[in-house]
Each structure stands twice: as C-alpha cells, then as structure tokens.
Amino acid sequence: MTMYYKDGFYPTDQAPEGAVELDEQTYIALLEGQSQGLQIISNEQGYPILIDPKPSPYHELQGTDWVINPEKQAAHQAQKFAKIREDINRLRDEKINGGVWVEAVGKWIDTDATAERNILSVKATFDLMGDKVEAIAWTCADNSILMLGKAELMAIWQTLMQAKTGNHANALKHKAALDEAENPEDYDYSTGWTQTYAEFLEESSNV
C-alpha cells in the first residue's frame, strides 16, 4: 500500500502537490508512534518523522526540536513559583483551621473560623463579667464536653494564637526559601507546621 504525506496522510489519488511518497512499513510505523503519544512533523526534506509531544505551552518547534525562548521560560518559571506559593498558603490555612491540641486541658479544640468567633465571644464574656460567669460547657473536637472557666479559656486562646502565628511564620519562611530554590517543584514545604486533629486521628489509627 502506497501513501503520501503532506501535513497529513493521503492515498495516491488524493495526494496534494508536493506530497512525499511513503512505503507501507514507514506509514504503519508513523501511525503506531502517533498512537503512543508521539507527534508527526515534516523534516527539512518534507518527510514525516516522529518527535516527542510539545513539553509545555511555552515551547516552540524549531526545525525538529522543541525549544523555549527566554521570555517564555521566565513566564513559565514564574507560573511554577506562583503555584507553589498558593500550595503553601493552602496548607497554612488547613493547619490553622484544622484544630489544635491544648495541653493545659488535655483536649483537641476546633480552630476554624466559627470556633474562633465562639472563643472570642466567650472570652469577651469573661472579660466583661469576670468571676460572675459560671463555667461554660464547650464542645471539643472529639465531641466531648469541657467545662470552661477563665483559666481554661485563656489556655485555649493562647495555644490557638501561638499555633496561628506559628503557622503564618512558617508559611513566610517557606516562601522565602522557595524564592531561593532553583526548581520550585522540588522544594519541600512540608516541615514546621502544627499537627491537625485529622492528622492526629490518622496517626492514631495507624499505631
């Protein structure tokens, strides 16, 4: 079977002007390569060859090679750095909202936005009423009930704030180190964070 190629394959009776003739073996090899993800292009003589697919939107074909110009390479690198920064911020927020272990009360306490507002509300009540306020029932992360007095509340608040500011500081540290990294995709930002309640449960289940 004879086929012709010029930006596509054509049978003999449909081949456009300038198309090159292919033998059956070459035609089959090209189709097999294409089915495996390779790309078919024409070489300088107009004959089809197989090359790797385009590595990224920033690459351009020069001859039979994919190349990336400096401007596009800089844009590509900036995009990779921006993605990792977003990932660091996302992890920071997961840690901040994922609960905190309060040693003074021996409980995991929720730390999402709703829990923080509730803690602030209780703190304001204690600040305003002082010793006139009786202990307040508080639902912990494991759904157990903890009776909060002012001392317990302050211990929870201080631990929550330390964890929150610590996670923010850790995110800034990782982003500063990321700026110095040669390859942002290889940078490990998994260290230095507080443990979340979900991580504690997973760790406990694996013991």
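Residues are numbered from 1 along each chain as its sequence is written, and side-chain values rest on heavy atoms, with hydrogens and water left out. Since the model is a predicted one, local features need pLDDT of at least 70 and side-chain atom pairs count only at pLDDT 80 or more, while totals for chains, interfaces and linings use all residues.

Starting with the strands, there is an open sheet of three of them in the order S2-S1-S3, with antiparallel pairing. Helices (H or I, at least four residues) and strands (E, at least two) are DSSP runs numbered from the N terminus, and two strands are taken to pair if DSSP finds at least two bridges between them. S2 and strand S3 (20-22) sit at the edges with a single partner strand each, so one side of each has no neighbour in the sheet. On average, neighbouring strands here are turned by 40° against each other, direction ignored; the axes behind that value are lines fitted to C-alpha atoms (for helices, over the stretch in contact), and angles run from 0 to 180 degrees between N-to-C directions. Strand S1 (residues 3-5) pairs with S3 in the antiparallel sense over three bridges, and Tyr4 has Glu21 in S3 as its bridge partner.

The loop between S1 and S2 holds Asp7, which has a positive phi of about 60° although it is not a glycine. Asp7 is also exposed, at 68% relative accessible area. The accessibility classes are simple: buried means under 20% relative accessible area, exposed means over 50%, and partly exposed is in between (1.4 Å probe, protein chains only).

Further along comes a hairpin of S10 and S11, with five residues between the strands. Strand S10 (residues 136-139) and S11 pair in the antiparallel sense over four bridges. Within this pairing, Trp138 stands opposite Leu146 in S11, and Thr139 has Ile145 in S11 as its bridge partner. In a regular strand the side chains alternate between the two faces of the sheet. Strand S11 (residues 145-148) has Leu146 and Leu148 on a covered face, and Ile145 and Met147 on an uncovered one. In the loop between S10 and S11 sits Asn143, another residue with a positive phi, of about 70°, although it is not a glycine. Asn143 is exposed as well, with a relative accessible area of 62%.

On to the rings: a search of the whole structure turns up six aromatic pairs. Rings of Phe, Tyr and Trp (its six-membered ring) pair if their centres lie within 6.5 Å, with planes under 30 degrees apart called stacked, over 60 edge-to-face and the rest tilted. One of these pairs is Phe9 with Tyr27, edge-to-face at 5.0 Å centre to centre and 75° between the planes. Phe9 belongs to strand S2 (residues 9-11) and Tyr27 to helix H1 (residues 24-35), so the pair ties together parts that are 18 residues apart in sequence. Phe9 is partly exposed at 22% relative accessibility, whereas Tyr27 is buried at 15%.

Tyr197 and Phe200 make a stacked pair, with 6.2 Å centre to centre and 25° between the planes. Both are in helix H5 (residues 197-205), and being three residues apart, they are separated by about one helical turn. Tyr197 counts as buried at 17% relative accessibility, while Phe200 is partly exposed at 30%. Together with Trp101 and Trp108, Tyr197 and Phe200 form one aromatic cluster.

What about space inside? Rolling a probe the size of a water molecule over the atoms shows where empty space is left. A cavity is a set of points, on a 1 Å grid over the protein atoms alone, where a 1.4 Å probe fits but cannot get out; lining residues have an atom within 4 Å of a point. Grid points are joined across faces, edges and corners, and a volume is the space filled by probe spheres set on the points. The count comes to one cavity of 30 Å³ or more, and about 60 Å³ of space lies in the largest cavity.

Residues lining the largest cavity include Lys95, Ile96, Thr111, Glu116, Leu160 and Thr194. Helix H2 (70-96) and helix H4 (150-180) each supply at least two lining residues, and H4 gives the most, with three. By class, the lining has four nonpolar, three polar and three charged residues, where Ala, Val, Leu, Ile, Met, Phe, Trp, Tyr, Cys and Pro count as nonpolar, Asp, Glu, Lys and Arg as charged, and the others, Gly among them, as polar.

How values were computed:
On a 1 Å grid over the protein atoms alone, a cavity is a set of points where a 1.4 Å probe fits but cannot get out, and a pocket is an open set with protein on both sides within 12 Å along at least five of seven lines; lining residues have an atom within 4 Å of a point.
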